[in-house]
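Please keep the structure at hand while reading.

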Amino acid sequence: MNLKSDKATEAVKRAGRTGIEIAFDGEVLAWQGKYGGNNKPNGPLAGKRVAVIAASEFSDFQAYYLVSYIGEYGGICEFLLVDWVTYKAVRPNIAGKGVRGMWDLSLDPIPVMGGDKASFYKNLKDVDSADYDAVIIMGGHSADVMVTEKSVEEFLKGASRNGAVLGSIGAGSMPLIRAGLLHGKNCTGDRTVSYMLKKIGNFSAEAVVRDGKIVTARSTADTPLFLREICRVFDSSFDDPWENTLKGKKVMMLVGEDFEDIELVVPTMELMYRGADILIGLFEPEMKSRPGLLGLKVATGNFGITIPFQEIPENRYMIKDLKEIKMSDFDLVVITGAFNPWNIVATGTTDWLIDAWCADKIVAAICHGAIPMAAADLVHGKKITGWAAAKDSIEIMGGKFYSDDWAAAIDGRLVTGRTPPEIPEFLDAISIALLA
């Protein structure tokens with residue numbers, strides 16, 4: 001690719017600040033080296049241990065985002081599980097069997113997450129609060145499950161005494177309230193806690209509020225801004241130039257069924273933070289397997305995320321049937337992995353992909369998503385990365401496959417990312433392609 005604009009050139013420098021190697025291979029811009037998909041060496045959280053506390057019924061969306069981006073800022077993400085609470089039929093309700101989210105995500109470990117971004121899943125009773133630089137409590141129903149637990153309360157009090165940064169999203173502030181740590185504090189949260197926060201603290205209906213070393217967020221959609229504010233507690237000079245960088249850009253997610261949840265949720269949340277307009281383009285899949293009901297107007301991912309999104313307000317994005325979408329409605333189309341690519345090929349939606357390509361649109365794909373690119377005959381002579389399952393499709397259709405070497409790549413109007421751990425690199429590549 002040619003970096004035709006100053007904005008694109010600056011974006012490449014920005015993406016490389018994490019310590020990952022970004023270099024040209026001929027005319028292809030590639031994210032290379034050992035840090036692809038792993039914790040980065042640079043950033044405001046470099047070397048910091050960040051505990052993310054979860055009981056069953058936690059927010060799947062928040063977990064996906066935090067595991068993707070804490071490591072991007074140099075932090076070490078450790079999920080601390082409150083998995084002994086069995087008072088109701090939460091998933092699972094058997095002590096010692098881990099925890100599951102509201103939409104059935106497992107946290108021990110998170111499926112499909114390789115690399116070292118979330119190598120640690122521990123029982124909260126087995127760790128010392130003094131070992132953590134920051135503690136985050138996710139929202140969802142999880143806080144209601146854990147708020148009764150004395151060990152959680154004592155852990156939070158200990159972390160506070162030791163000077164750790166404390167953060168909560170939405171209802172995640174409930175254990176902080178129980179521990180007395182939000183009394184008299186500037187704070188925010190969702191409706192399930194706002195009435196209490198108005199009584200004990202200085203509540204503000206803002207997206208994110210910081211009071212010293214306590215950071216609270218209003219809702220799931222505010223998670224990207226929340227994490228940046230956590231970064232600023234550690235580094236007051238931290239400035240994130242990605243915010244609203246893509247203002248005016250239009251990104252479409254091509255979605256059928258059995259998409260890779262993390263590859264849809266995290267890009268949607270992060271690209272919204274970067275200012276892009278998000279459009280979900282739905283096509284009818286060959287079959288519906290989750291849930292197995294014909295005619296149901298809900299698209300479901302491999303691990304329980306749905307379209308419409310359960311945790312992102314519908315006024316933050318648009319949903320249209322693919323047949324109603326005009327080429328002027330988007331600048332770039334994203335193809336997520338898992339079996340969504342299978343459905344694109346099986347239903348002949350590759351014909352639409354060819355039309356988008358002929359209309360000079362940017363086509364971006366991650367993981368298995370490169371397979372429809374190949375089926376649409378877009379990869380001949382191109383250098384591509386993706387999941388190993390895409391190798392035959394790419395090479396038979398005349399492309400060169402770099403799965404072992406590249407976390408992400410831009411070759412002309414094709415943008416590719418390797419697998420879920422490389423989502424941040426993939427999103428930086430998307431951003432640079434849109435700005436070029």
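Two strands are said to pair if DSSP finds at least two bridges between them, and the helices (H or I, at least four residues) and strands (E, at least two) are themselves DSSP runs, numbered from the N terminus. The model is predicted, so that local features need pLDDT of at least 70 and side-chain atom pairs count only at pLDDT 80 or more, whereas totals for chains, interfaces and linings use all residues. Residues are numbered from 1 along each chain as its sequence is written, and side-chain values use heavy atoms, with hydrogens and water left out.

**The seven-stranded sheet**

Seven strands form an open sheet with mixed pairing, in the order β5-β4-β3-β6-β7-β11-β10. Its edges are β5 (120-123) and β10 (208-211), each of which pairs on one side only. Axes are lines fitted to C-alpha atoms, for helices over the stretch in contact, and angles run from 0 to 180 degrees between N-to-C directions; with direction ignored, neighbouring strands of this sheet are turned by 20 degrees against each other on average.

Within this sheet, β3 and β6 run parallel and are joined by four bridges, with I53 having I137 as its bridge partner in β6. β6 also pairs with β7 in the parallel sense, over four bridges, and here A134 stands opposite V165 in β7. Strand β7 (residues 165-169) in turn pairs with β11 (residues 214-217), again in the parallel sense over four bridges, and the partner of I169 in β11 is A217.

Helix α4 (residues 150-161) touches β3 (49-55), β4 (76-82), β6 (134-137) and β7, and its direction makes about 145 degrees with that of β6. Helix α7 (residues 223-234) touches β6, β7, β10 and β11, and its direction makes about 170 degrees with that of β7.

In a regular strand the side chains alternate between the two faces of the sheet. In β6, A134 and I136 point one way while V135 and I137 point the other way, and all are buried, a term that stands for under 20% relative accessible area, with exposed meaning over 50% and partly exposed lying in between (1.4 Å probe, protein chains only).

Strands β12 (residues 250-255) and β13 (residues 277-282) pair in the parallel sense over six bridges, and K250 stands opposite D277 in β13.

| α4 | β6 | about 145 degrees |

Helix α8 (residues 261-273) is mostly covered, with 13 of its 13 residues buried. After α8 comes G275, whose phi is positive, near 100 degrees.

**Helix α6**

In helix α6 (residues 191-200), V193, S194 and L197 are buried. The face turned away from the buried side of α6 carries the exposed residues R191, Y195, K198 and K199. The cover over the buried residues of α6 includes α5 (174-178), β8 (186-187) and β9 (202-203).

Technical notes:
Contact = heavy atoms within 4.5 Å.
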